[in-house]
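The entries follow in the order I made them.

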Amino acid sequence: MAEFAALFAASLRGLEREEAGILRLELDGAAEVEARARDLAARESTCCSFFALSFSRTDQDLLQMRVRVPQQHRAVLDGLQRQAADAAGLA
């Protein structure tokens with residue numbers, strides 16, 4: 001979680017709860033940010049298989065990371081949203 005907090009503090013540009021079980025995080029689009037985010041996502045998926053993480057790019061060259069969770073894990077997504085907002089000063 002500390003690695004995610006550091007990523008969010010340095011690179012998070014926006015976030016939005018698209019649905020109760022989907023959080024969209026917009027990160028700086030630099031290649032090193034993408035590599036770091038993908039590495040963290042891959043490691044997180046091995047320990048918490050209920051996370052479904054996907055990546056895409058915006059027209060503004062930001063990296064979007066979508067985090068989906070099933071209904072029974074929405075509280076975990078709530079915590080991730082709070083952590084991201086707090087780390088980036090978006091709270």
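**Burial and contacts**

I looked up Met65 and found it buried, at a relative accessible area of 0%; buried means under 20%, exposed over 50%, and partly exposed in between, with a 1.4 Å probe and protein chains only. The model is predicted, so local features need pLDDT of at least 70 and side-chain atom pairs count only at pLDDT 80 or more, while totals for chains, interfaces and linings use all residues. Residues are numbered from 1 along each chain as its sequence is written, and side-chain values use heavy atoms, with hydrogens and water left out.

I placed Met65 in strand E4; strands (E, at least two residues) and helices (H or I, at least four) are DSSP runs numbered from the N terminus. Leaving out residues up to four places away in sequence, I listed Phe4, Leu23, Arg24, Leu25, Leu53, Ser54 and Phe55 as touching Met65, where contact means heavy atoms within 4.5 Å.

I then turned to Glu26, which lies in strand E2. Glu26 counts as buried at 18% relative accessibility. Its side chain makes a polar contact of 3.0 Å with that of Gln64; such a contact is a pair of N or O atoms within 3.5 Å, and within protein one must be able to donate a hydrogen and the other to accept it, with residues adjacent in sequence counting only if both atoms are side-chain atoms.

Last, I checked Phe8. Beyond its neighbours within four places in sequence, Phe8 is in contact with Leu25, Leu27, Leu80, Gln83, Ala84, Ala87 and Ala88.
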